[in-house]
Amino acid sequence: MSGTWIEVDLDAIVNNYQEIIKRLHPKARCMAVVKADAYGLGAVQVALALEQAGCEAFAVTKVEEGLILRKSGIKGLILVLGPTTQEEWPEAIKSQLQLTITELSLIPKLNEVCLGLHQDVHVQLKLETGMGRTGFRSAELGELSKLLGNADRLKVRGVYTHFARAAQRDKRYTSEQYATFKALITRLEELGIDPEWKHVCNSAAYLDYPEWHLDFVRIGTLLIGHYPGPGFSGKLSLEDPWIAKSRIVHLRQVPKGTYVGYQSIYRTKSVTQLAVIPVGYADGLGVAPHFVPQGWVDFIKIVIKNFAALIGIFLGQERVELGGRTVRVAGKIGMQLTVLDVGMQDCTLGDEVRIPLRRTLANPRIHRKYKQGGRILSERTIEEGLSTTNTEYSR
């Protein structure tokens, strides 16, 4: 019996996909972004469920992610969004992954590899419109045209860009990016480059700019049941597919005034029970990404929270759910063990506790159980050495 595990509801993911395609422009398709192991849910299991539901295209960041999908039976289009290396190309080409081209000097080298393999590669062009990361700028398009003209094995299927501020209230920057994209597309057409597919929308832009759906929308956040920001809540009927759970492995009644955990920052206020669960910050509990304040209100909240911690008051302390009610973490979260103050609530060893784990920060070694149709469909365990064991159950 695993002490900590994650349940992923594949029916919820399929529901979210169906909600998304309901609002798609008639000519557009959904490209499911399953990068970073589908944001921690499990790329293979999520992609298989989506492909069965009708999804025809997937996006990842790295070649290795695309190869895992292909080897696991995904037959649809797989686009690698990030830069790639020459060492990765042969296997990517053989596996019919679509590669993103963002660097002029790599075009003849990629073509040479294709010639050696006697095989074409389908590619997509990334345009830089304001993200400041990767992509071709206006001044490079002339040289891009020449190089592609001499690269017979490279078949350009698509062209796209990525929005930097689509989830923010001020829409001017995003509108400027889209205008730049259209201008670059016009220039490409003048140079004789007119790919079949064009796409710009991430989850936020998909919701706010239906007229920009074009040929694909690249959706990740919405598929996993999250909105890109508070202002988008309620625009779709999303379901959360993720539940993280642990079990009580130690339980003891203690008197009032008992200190708990490192630095003794927590002290019980009355007679209570302390429960230990086998999960901690090594598993992602209590770990949060660093956010830059989005204005003075955010900044003031951060200052207040840190000042309160200085005087021993911990605002926003992690809380978990036990037996239908919320209980607090007692003291500091440990690396692999965490103490809960459960009061005198009736509980026992082995009781389940729902815990707040961020999807992308949850340790990939935590056991995953995949539910569909109300039952466990498959399980995934990553052992030492990062070998993966998948247990499939008959449908």
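**A walk through a predicted barrel**

Ser145 is buried, with a relative accessible area of 17%. It counts as buried because that value falls under the 20% cut-off. Keep in mind from the start that this is a predicted model. You can find Ser145 in helix H7, which covers residues 141-149. What does Ser145 touch, leaving aside residues up to four places away in sequence? The answer is Leu191 and Ile193.

Now let us turn to the barrel. Eight strands, in the order S2-S3-S4-S5-S6-S7-S8-S9, form a closed barrel with parallel pairing. On average, neighbouring strands of this sheet are turned by 30 degrees against each other, with direction ignored. Here is a piece of background: strands of a sheet pair through backbone hydrogen bonds, and they do so either parallel or antiparallel.

Which strand pairs with S2 over four bridges in the parallel sense? Strand S9 does, with S2 spanning residues 29-33 and S9 spanning residues 216-219. To see one of these links for yourself, look for Cys30, whose bridge partner in S9 is Val217. A helix also packs on the sheet: helix H6, residues 106-117, touches strands S5 (98-101), S6 (121-126) and S7 (154-160). The direction of H6 makes about 135 degrees with that of S7.

Next come the aromatic rings. A pair of aromatic rings is described by the distance of the centres and the angle of the planes. How many aromatic pairs does the structure hold? There are four. One of them joins Phe163 and Trp212, and it is tilted, with 5.7 Å from centre to centre and 50 degrees between the planes. This pair links distant parts of the chain, 49 residues apart. Phe163 sits in the loop between S7 and helix H8 (172-190), while Trp212 sits in the loop between helix H9 (203-208) and S9. Are these two residues buried or exposed? Phe163 has a relative accessible area of 2%, so it is buried, and Trp212 counts as buried at 8%.

Trp197 and Phe216 make an edge-to-face pair, 5.4 Å from centre to centre and with 85 degrees between the planes. Trp197 belongs to strand S8 (residues 197-201) and Phe216 to strand S9, and 19 residues separate them in the chain. Both Trp197 and Phe216 are buried. Ring pairs also join Phe163, Tyr178, Tyr209 and Trp212 into a cluster.

Rings can have charged neighbours too. The charged end of Arg165 sits over the ring of Tyr173, at 3.7 Å from its centre. Lys369 lies over the face of Trp5, 5.1 Å from the ring centre.

Our last stop is Leu337, in the loop between strand S16 (325-329) and strand S17 (338-343). With a relative accessible area of 53%, Leu337 is exposed, because the cut-off for that word is over 50%. Which residues does Leu337 touch, not counting those up to four places away in sequence? They are Val276, Ile277, Pro278, Val279 and Gly280. Leu337 and Tyr281 are 56 residues apart in sequence, yet their C-alpha atoms are 8.6 Å apart in space.

Note on methods
Residues are numbered from 1 along each chain as its sequence is written. This is a predicted model: local features need pLDDT of at least 70, side-chain atom pairs count only at pLDDT 80 or more; totals for chains, interfaces and linings use all residues. Side-chain values use heavy atoms; hydrogens and water are left out. Two strands pair if DSSP finds at least two bridges between them. Helices (H or I, at least four residues) and strands (E, at least two) are DSSP runs, numbered from the N terminus. Axes are lines fitted to C-alpha atoms, for helices over the stretch in contact, and angles run from 0 to 180 degrees between N-to-C directions. Contact means heavy atoms within 4.5 Å. Rings of Phe, Tyr and Trp (its six-membered ring) pair if their centres lie within 6.5 Å; planes under 30 degrees apart count as stacked, over 60 as edge-to-face and the rest as tilted. Buried means under 20% relative accessible area, exposed over 50%, partly exposed in between (1.4 Å probe, protein chains only). A charge sits over a ring if NZ of Lys or CZ of Arg is within 6 Å of the ring centre and within 35 degrees of the ring normal.
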